[in-house]
Structures are given as C-alpha cells and as structure tokens.
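Me: I would like a close look at one part of this model. Please keep it brisk.
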Amino acid sequence: MLQAEPTQTSMRAPASISLHQLAHARAGDKGERLNVALFAYEADHYATLLEQVTEERVLALFSHRGASRVRRYPLPNLAGMNFVIDDVLQGGVNGALNLDGHGKTLSFLLLSLEVHL
Amino acid sequence: MSFLLGSGAGFSGDRTDAAVAVVAELIKRQQPSALVFETLGERTLAAAHRAMREDPESGFEPLLDELLAPVLRDCLDHGIKILGNFGAANPGGACQVIAELAAQLGRPEVRIAQVHGDDIRQQLHGLDLQRWEAERLEMPGDDALISANVYLGAKALAEALAMQADVVVTGRVADPALFLAPLMHHFDWRWDDWDRLACGMMAGHLAECGAQVSGGYFADPGFKDVPGLATVGYPIIEVEQDGSLIITKPANTGGCVTEQTVKEQLLYEVHDPANYLTPDVTVDLTHAEVRQLSPNRVAVTGIRGKPAPERLKTTVCYEGGWQGEAEISYAGPNALARAQLAAQVLRERLVFRAPAELRIRLDIIGLASVFDSDSGELQRSASTSVSGDYRLRLAAEHSERRWVARATQELLALYCAGPAGGGGVRRQFQRRVFTASYLVKRSDIYAHATLFESPTQEAHRSERYAAS
C-alpha cells in the first residue's frame with residue numbers, strides 16, 4: 001500500500017507519503033472547537049507523527065478555515081495524539097454555512113498531510 | 001460478577017432496531033445489566049421546545065415508541081434497567097408514553113422515574129453564570145431564548161434506581177452519566193472514589209455514541225475494513241467492581257471492536273486528555289491503555305479520576321434567524337465552466353436582489369465543498385477537469401425568512417435563465433438555532449428524581465387496593 005518507486009532512493013529526498021497511509025483519525029466538535037485524534041497504525045510510526053505532524057503544520061493546514069490556535073496532546077500509550085483546533089468551524093453547528101458544520105469530515109483533511117519516512 | 005452496560009441508541013436519528021440484538025445478548029448473559037438510549041444532541045432540545053409550542057404533548061424523543069416497543073417487555077421481564085435522555089424538553093410526556101406502551105405490552109405495573117432539575121430557563125437570569133472558555137456568543141435576550149439546560153451528573157439517576165425504577169427518563173444530563181448511574185447503584189461506589197467514577201464515566205463515554213465504538217464512523221475500505229456494517233452490533237461494556245472495563249458487542253452482529261475503534265472513541269470530543277470534565281469527575285486519560293483480549297473484546301485500563309469541576313455546563317439555545325440551501329447540477333462536457341458561470345450569475349444577482357447582510361456561501365460539490373472555506377479558496381486553487389458531474393450549492397443566512405427565500409429562489413431561476421443544461425434543483429429553508437455554553441454553580445442546581453404515576457397506573461393501583 002505504500003507508494004512505489006523503491007529504486008535508487010539513496011540519492012533522492014526521503015519518500016513522501018500521505019499521512020493516511022500511516023495513521024487513522026476521528027474528528028469531534030464542541031461549539032467552534034474541533035478535536036481530531038490521530039493514531040499510528042504501527043507503534044513504530046508514532047515517532048514520525050510526533051516529529052512531523054506538529055502544531056505549526058496543522059495550523060497551516062487549517063489556516064484557510066480561520067484556525068486561530070492548535071494544541072497537540074501526545075498520548076504515547078495509545079501511539080496517538082489529540083489535536084484541539086480553535087475557530088475552524090466557521091460558526092460550527094450554529095452558524096456554519098458549510099454542509100458539514102460539525103467538521104466531521106475534517107479528520108480526512110488532516111490525513112491528507114504529507115509525511116517523510 | 002461484572003455489570004453489563006448496553007447501548008440502544010447513540011443519537012436522535014440513530015437506528016431504531018439496534019437495541020434488539022443488545023437486549024438478546026444481555027438476556028443470554030444472565031447478569032445484572034442496563035440498556036441506555038442517548039438521543040439528545042446539543043440542539044435537539046431546542047427542536048423539542050419548539051415542537052412543544054405547537055403541541056404541548058410533544059417535546060420528547062419523536063421515535064421513543066419505535067425505540068422502546070421492540071425491547072421494553074423483554075427488559076422488564078429480565079430486570080434490565082432502561083435509562084434514556086429521551087425525555088428531552090418533556091420528560092413527563094415521555095413517561096406517559098412509556099406507561100401506555102408498557103400497559104399495551106401487558107406490564108402496567110412498570111416503575112418509571114423522572115429526573116428533574118436540568119431545565120433552568122425560568123431562573124436563568126438570577127444565576128451566577130460564567131462563559132465556557134471557548135464560547136464566543138453573548139447571552140441572548142429573553143425574547144430569543146428557547147431553552148436553557150444544565151448537564152446533570154449521575155446522582156439523581158442513581159437515586160431513581162434506588163426507588164426501584166425499571167425505566168429512568170431524563171432531559172439533559174451528561175451523556176455518559178446515563179451509564180455511570182446504574183454502576184453507582186449496583187456497585188455502591190463512593191461519590192468521591194474518583195478512579196472508579198472515572199472508569200464508569202469512560203465506560204459511558206465509550207458507549208454513548210452507540211456503534212461509534214464497534215465499527216461505526218470508522219470504516220475506510222482497504223485501510224480500516226469493517227465487516228457487516230449494515231448490521232453493526234451496538235456496544236456492550238462489561239464493568240467490574242474494581243472499575244475495569246471490557247468493550248464488546250452482541251454475538252452474530254456486524255461491526256468490530258478493536259484497539260483502533262476503541263482508541264478513536266476514547267478521544268472523541270475530548271480536548272485536554274488529562275482533564276476531561278464531566279459533572280461527577282474529572283477524567284485523566286494520559287495513562288490509559290487499550291488491549292485486544294480476543295476478537296471483539298478490548299480491555300481499557302489506566303483510567304484515573306480527580307475531583308469533579310466546581311461548575312456545571314449549561315447549554316442555552318436561542319433563535320438564530322433563517323438558513324436556506326439550494327442546489328443545481330451540471331454534468332458532461334464543460335460542466336465545470338457551466339457550474340462556475342452559474343455561481344457567478346448568482347453572486348451578481350444577489351448583490352441587487354438581496355440586502356448586504358445576507359450571508360452566502362457557494363460550493364461546487366465534486367470540486368471542493370466540505371473542506372473549503374466560506375470564501376471558496378480551495379475551489380479557486382483546485383486543479384480542474386472540465387467535464388464531470390458537479391453540483392452548485394448555495395447556502396444563505398439572514399434574520400428574515402424572506403431574504404433566505406429570495407436567495408434560494410434565485411438559484412431555482414437558473415433553470416431557465418442560467419447556463420445550459422442545469423438540472424435537479426432542490427431548495428429548502430428553516431429556522432436556525434444558536435447555542436451558547438455557560439457554567440453554573442453546582443449549589444444553584446437542584447437535581448432529583450420522582451416516581452411517575454400515570455392516570456392508568458393510578459387506576460390500576462386503586463383497583464388492587466379495593467380488591468385487597
């Protein structure tokens with residue numbers, strides 16, 4: 001399931017793959033605040049997530065939606081981490097004109113991030 | 001012996017046949033158990049209050065009868081306690097429906113208890129209120145107020161069970177408290193035994209969304225495969241006296257309970273995992289571990305508890321104006337350009353056909369929609385293929401119905417006056433509800449339970465009295 005091109009990688013930049021290949025996620029909401037819990041499929045990849053799926057990158061990923069702050073809570077026992085993202089729901093279930101006012105689909109926006117192995 | 005908690009529904013609108021397999025499993029196990037229906041979302045209460053204005057005998061879960069009819073008699077006959085927040089804005093009305101249903105099923109002696117104290121609409125302005133930390137909205141004026149309800153803890157529900165209730169009907173309570181209450185009653189845990197309270201509360205948290213812990217809201221074909229999603233089994237949680245938890249599901253049902261499904265639900269709608277606030281305990285999940293014991297059996301350990309927060313969360317619902325939506329499809333050669341032209345035409349027309357306060361959003365479904373912002377940034381940057389199957393969606397919001405109606409009517413008019421080949425228009429509009437969250441002092445809230453007695457039950461009791 002990993003991306004192809006295994007040959008001659010030594011001379012290239014590290015292979016970039018979608019976070020979706022390494023991890024699974026679930027989104028939930030409270031008002032204007034979204035949480036996305038992210039878990040590595042393999043515990044070995046937890047360190048990669050910790051290193052590369054940072055608060056800064058997640059804030060940038062959600063910036064077009066007006067995200068004002070991202071906090072990340074690592075959960076090593078679960079090989080996962082919880083992201084709490086403020087002001088990303090453009091009104092939430094109250095005021096959003098978005099079809100998905102809860103932000104339930106946004107776990108897959110997070111999973112579209114690219115990571116390097 | 002463990003106590004079994006079964007979930008019969010995880011939201012208002014959930015599958016109404018889910019409880020049948022759960023109850024069959026609970027009966028087979030022959031252990032003390034409870035079945036919980038969680039059917040009250042953040043804004044479901046506002047809808048219930050509005051319904052009551054039209055019809056004073058409504059205001060509770062509209063599908064109550066459909067949810068309980070297949071399982072009520074079995075639960076009564078096998079001592080399976082039923083708890084549900086299906087009372088919504090009118091718990092007394094729900095009690096009446098349940099009493100009538102039980103009588104029809106030949107069980108008129110059913111004991112139904114009602115929990116009171118969550119509805120604080122009348123005393124709202126006399127209370128010491130703090131704004132919840134992520135709350136942006138100001139408190140509405142009285143004319144806009146629809147409902148104000150405190151998230152109660154498990155105490156009044158446990159009190160109801162101590163009155164030997166078979167069915168406990170509540171309005172707003174913290175969802176997982178519906179599950180904690182039967183554990184408190186059965187195990188007689190102390191109300192300051194924080195670790196056990198935390199375990200019981202998290203048992204509820206894991207089960208309160210029904211199938212979300214047993215394969216629902218999870219499947220991602222090729223990555224996270226779930227067998228038999230069409231007949232997914234709703235969860236059963238085995239809880240021991242020491243607070244240890246095992247999550248499982250009924251035999252011969254679809255879905256799956258795995259470390260992955262349990263981890264996802266453990267963090268669902270949680271913010272700081274070291275301080276998950278509930279009315280009865282503050283939960284610390286930072287030491288939690290999940291372990292697959294056997295297929296469809298997962299243990300959760302390491303849940304810890306701390307004293308409960310001093311204040312209780314309250315959700316206030318108020319009138320939020322009108323929202324409308326309308327859609328039209330374009331497909332085949334050059335479809336995207338035609339959809340984009342339709343969007344442009346709508347934008348131009350709404351400038352002079354509606355007031356400036358009309359808030360609108362235009363999505364092109366198939367290109368970018370749910371991930372996009374209100375201003376359509378992703379739509380503009382998306383790499384596009386000209387042909388395809390696209391659906392232009394307009395969403396509009398205004399305090400007055402007529403402008404929302406006007407906006408959606410402008411999309412309808414694209415049939416004849418818009419680009420070529422536009423079809424399949426759907427339009428609808430409805431009132432919006434705004435919600436805001438506040439914190440109230442625990443000492444200002446009086447939660448308690450009473451046994452419900454319907455006119456029919458009263459008559460039944462008098463007959464028995466006369467006969468004796």
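Which residue lies over the face of Phe218(B), and at what distance from the ring centre?

Reply: Lys224(B) lies over that face, 4.2 Å from the ring centre of Phe218(B). (A charge counts as over a ring if NZ of Lys or CZ of Arg is within 6 Å of the ring centre and within 35 degrees of the ring normal.) This is a predicted model: local features need pLDDT of at least 70 and side-chain atom pairs 80 or more, while totals for chains, interfaces and linings use all residues. Residues are numbered from 1 along each chain, chains are lettered from A and ligands numbered from 1 as written, and side-chain values use heavy atoms, without hydrogens or water.

Now Tyr217(B). Lys104(A) lies over the face of Tyr217(B), at 4.9 Å from the ring centre. Tyr217(B) also forms an edge-to-face pair with Tyr268(B), 6.1 Å centre to centre and 85° between the planes. (Rings of Phe, Tyr and Trp, the last by its six-membered ring, pair if their centres lie within 6.5 Å; planes under 30 degrees apart are stacked, over 60 edge-to-face, the rest tilted.) Tyr217(B) sits in the loop between H8 and strand E8 of chain B, and Tyr268(B) in the loop between H9 and strand E10, so the pair ties together parts 51 residues apart in sequence. (Helices, H or I, of at least four residues and strands, E, of at least two are DSSP runs, numbered from the N terminus.)

Tyr217(B) is partly exposed, at 31% relative accessible area. Tyr268(B) is buried, at 7%. (Buried is under 20%, exposed over 50%, partly exposed in between; 1.4 Å probe, protein chains only.)
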